[in-house]
Amino acid sequence: MAPKLTTCTFCGVGCGLYLETQGNQVVGVYPSVSHPTNQGRICLRGWHVHEVASSPDRLRSPLLKKKGRFEEVSWDEALGFITTRLQAIRSQHGPDSLAFLNSPRCSNEEAYLLQKFARSVIGTNNVHHGTGVYSNNSINVLQDMIGVPASTNSIAELAQSEVIVVDGVDLARRLPTIGGAVIRAKLNGARLIVIGTRRHRVAENADLFLQIKPGTETLLYGAMAKVIIDRGLMKLPFIKARCRDYEAFLAEVSNYDLLRAAEGCGVSADLIEAAALAYGRAPSAALLFSSSMEDRTRDSIRAVVNLVLLTGNLGKPGAGLFALTEQNNLQGVCDMGMLPDRLPGFRPVTDPTARAAVEAIWKTKIPVAPGLGSRPILSNRGQGKIRAVWLARCDPVNTALLGDVAGQLLRLDLVVAQHLLMTDTARYAHVVLPTTAFGEEEVTFTSTDRRIQLAERVLEPSPGPTPAWEQIVRVAQFMGADWRYQSAGEVMEEIGEVVPFYSGASYENLAREYGRQWPCTKDHPMGTQFLFKGDEGGRSFKFVAVPEPPQPGPQPAEFPLTLVFGNSLYYWNQNVLVRHSETLKREYRILMLDYPDGFVELNPEDAKQLGIRDGEHIRLYAANASAEATARVTSEVRSGSIFVPHFMREVEREILGLGGDGRRLVPVRVEKEAAA
Amino acid sequence: MKARVLARTDVLKIVDLLRRQGYEVIAPFRGRGRDTFFDTVTDQNRDHVQIHLPNPYYPPKRYVFPHIERLLKVERKNGGLHIEPTYEQPRRAIFGIRSCDVAGIFHLDRFYLGRDFRDIYYENRRKNLLLVNVVCTDLEAGCRRRMFLCVRRHRTRRPRPLRFAADGSGR
């Protein structure tokens, strides 16, 4: 069969690739040379993620738990059971006792229908994507300050950037295609500035690497803004024409002090000044940060946006702000309204005009009060109010950084799981609905640079599983909704009516080239390569004054090191797709061969001082807790800190407690564990 | 061997001829934008075969050395296991293959056919393979960096002896 252009469904880059099939099996993958984002390149995951479709572990039939054991049942029985239970729980405890969570890997159509089902059929705004650790801070800050919660420019434009700032994201591991684009831009003359706590591969290639102390980003950006203002490098014509609240910002920035910031961040004042001058002087500078983790405070993101506005790096090619999404459709599920306080298109659910516009299309009422997010739902069942949870392709037991999700699921009256595979979460479900895989259905995803793309159907679906969006439609129909979608394309047509900036994104239009970047409207069906072109819009951007954060207190003498939790080099090893793709499983477990029990990372200087060698057992002592782990000695980690990858769940639970209070930095001391 | 000159309009008749002779004919096609690919010629796509295209990014190596192939058939018979090798040996022709890819197949031959161990699966596919080579008339973007693999074939066959500097280091 002729190779078909489709979209990689692993990370947020959205690379274009061709799948070659033979006998209903993918036998070859290769990248599109013409695709504007990847231009003939894909990463290891792109080459192999299709293997999941042929995994022998795929679920084939709906499963219903009877007397504590799963039994294969018919679709009618499974969907009938769900319908009856949802109706009973809603009538007994009210619509807000139900919650609907999905994964940022769900398609736009699935995400749209799930939130529509929750809002219009059930009557609750308890909808959320992921497990509460994703891009909410980034969305809210960007919406507030620039009016668009997304990356402003295209990945392909990085080739035109004169300065590229990479903040806190290990591109080489997490978004390798973008990492490659950044390195190529640097080789072609761009200056590369890397800010972060880890010396990752892109940092190794940086012109300026600011290895700051954990949690000091706000201080650093404030100091950089001060340098830019002191040197007169701010773009006043841009600020006057396009921005508000500059004076308040200016007053606040004047309180920052370069030397104080240098001390607080743990990098030299010269380095901060050099980075500020390089960024401030560049005709076009791009700033990349990861939107995906909530360990970035809102103030630190505000400080980033302030810097972009100060230097006028919006509305031109090669510049802009990249709020990078690490899952393939994190941007899309947010666009589709999988947020407890926002309708599709990011309109607040509390806004009567916004509600009225959506209600007119859905022909039903939408609840007024914002719903619960996934964090309260999964950490304490919304203080016990939640009785049932629908989890679409979502695996919080494995991925949530919330302590005891499994324990919470066990206490629910109904858990519905939609997934390809029997995930750790699905084991706790009452009903499991098997879904189709990558390549078996035609749906759309939206990449990190707003590119809405078709993922084509190249395989006949395996017997049994059905598309997740169809399952939602059938349950809605069972509950009396007059939903008549015959295809995912019809769902996208309705999305075009509800989400103004998707109005031109019909399947026909998306199939013409390499998808379309939103805003893709009927008036501008070709989409938008970069936002804010031209001077239209008046003073729509807003500075936000960010007070100088207090200097971190002195490190307690008995706990001289700082424990940092985060995503490590090999964190994909626990991803359910990786675990069911033979090649990826092998590649992403390489490091685990050396550290079969996992590891925490120490800087070689600290290790030497403590007499700890690579691979030795150590014990971490915090004020009220301790945990055992294996040491991995690596210069990627900053001296003075110990890095705990999120997949080291035991360490996290023992140090932070079962509930996980969200603290990211914990003072600790380390002792070598006596050999057993 | 005699040289023949074909009219431009008759070039695709080679494809028809090969198909009539029972070959599965693989030829280059245009995808989206500058993307091109090799695919099997059928009645439906025959008129879309093109040879003046950028060389497909995904090389034709898979037609002599596929990513996935069935090597053995194992059956339970008479209380034991009956193992039988399965050879895929279609009569296959690659029409429009470039010289660099031909050189690539030549290198595979050296490894799989030219040593003590002959890969019988590879050999079976190669025996039934017919190549219709298109020789580039102009240099494609990127060829310069690839060091003209198409014309370096002979150099590979007769590697230049290493010379040693006075200090013993190779150069």
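This is a guided tour of a predicted model, stop by stop, with what to select at each one.

**Before you start**

Residues are numbered from 1 along each chain as its sequence is written, while chains are lettered from A and ligands numbered from 1 in the order in which they are written. As this is a predicted model, local features need pLDDT of at least 70 and side-chain atom pairs count only at pLDDT 80 or more, whereas totals for chains, interfaces and linings use all residues; side-chain values use heavy atoms, with hydrogens and water left out.

**Stop 1: chain B as a whole**

Select chain B. Its secondary structure comes to four helices and six strands. Helices here are DSSP runs of H or I with at least four residues, strands are runs of E with at least two, and both are numbered from the N terminus. Starting at the N terminus, the elements follow the order α-β-β-β-β-β-α-α-β-α. Chain B has 171 residues, of which 31% count as buried. Buried means under 20% relative accessible area, exposed means over 50%, and partly exposed is in between, with a 1.4 Å probe and protein chains only.

**Stop 2**

Select residues 24-30 of chain B, which are strand β1, together with β2(B); the two strands pair in the antiparallel sense over five bridges. Strands pair if DSSP finds at least two bridges between them. Pick B:Ala27 and look across to B:Asp39 in β2(B), its bridge partner. Five residues lie between the strands of this hairpin, where B:Gly33 has a positive phi near 60°. Is β2(B) largely enclosed or open? It is largely enclosed by the rest of the structure, because four of its five residues are buried.

**Stop 3: a nonpolar patch on chain B**

Now select B:Leu71, B:Leu72, B:Val74, B:Leu81 and B:Ile83. They form a nonpolar patch on the surface, with about 470 Å² of accessible area together. Accessible areas come from the Shrake-Rupley method with a 1.4 Å probe, and for residues only the protein chains shown count as cover. Patches are made of residues with over 30% relative accessible area and no salt bridge; like charges are joined within 9 Å, and nonpolar side chains (Val, Leu, Ile, Met, Phe, Trp, Tyr) within 5 Å. Strands β3 (72-77) and β4 (80-85) of chain B each supply at least two residues of the patch. B:Leu71 sits in the loop between β2 (36-40) and β3 of chain B. B:Leu71 has 38% relative accessibility, so it counts as partly exposed.

**Stop 4: salt bridges**

The structure holds 40 salt bridges over all chains. A salt bridge is a side-chain nitrogen of Lys or Arg within 4 Å of a carboxyl oxygen of Asp or Glu.

Select B:Arg62 and A:Glu20, whose closest N and O atoms are 3.0 Å apart in a salt bridge. This pair crosses between chains: B:Arg62 is in the loop between β2 and β3 of chain B, and A:Glu20 is in strand β2 (residues 16-21) of chain A. B:Arg62 counts as buried at 7% relative accessibility, and A:Glu20 counts as buried at 8%.

Go next to B:Asp47 and B:Arg46, which meet in a salt bridge at 3.1 Å, N to O. Here B:Asp47 is exposed, with a relative accessible area of 60%, whereas B:Arg46 counts as buried at 19%.

In chain A, select A:Glu601 and A:Arg632, which form a salt bridge at 2.5 Å, N to O. The pair links distant parts of the chain, 31 residues apart: A:Glu601 is in strand β22 (residues 600-602) and A:Arg632 in strand β24 (residues 626-633). Both A:Glu601 and A:Arg632 are buried.

**Stop 5: a sheet in chain A**

An open sheet of three strands in chain A has the order β17-β18-β19, with antiparallel pairing. Which strands are at the edges? They are β17 (443-446) and β19 (516-517), each pairing on one side only. Strand β18 (residues 451-455) is joined to β19(A) by two bridges. Select A:Arg451 to find its bridge partner in β19(A), A:Gln517.
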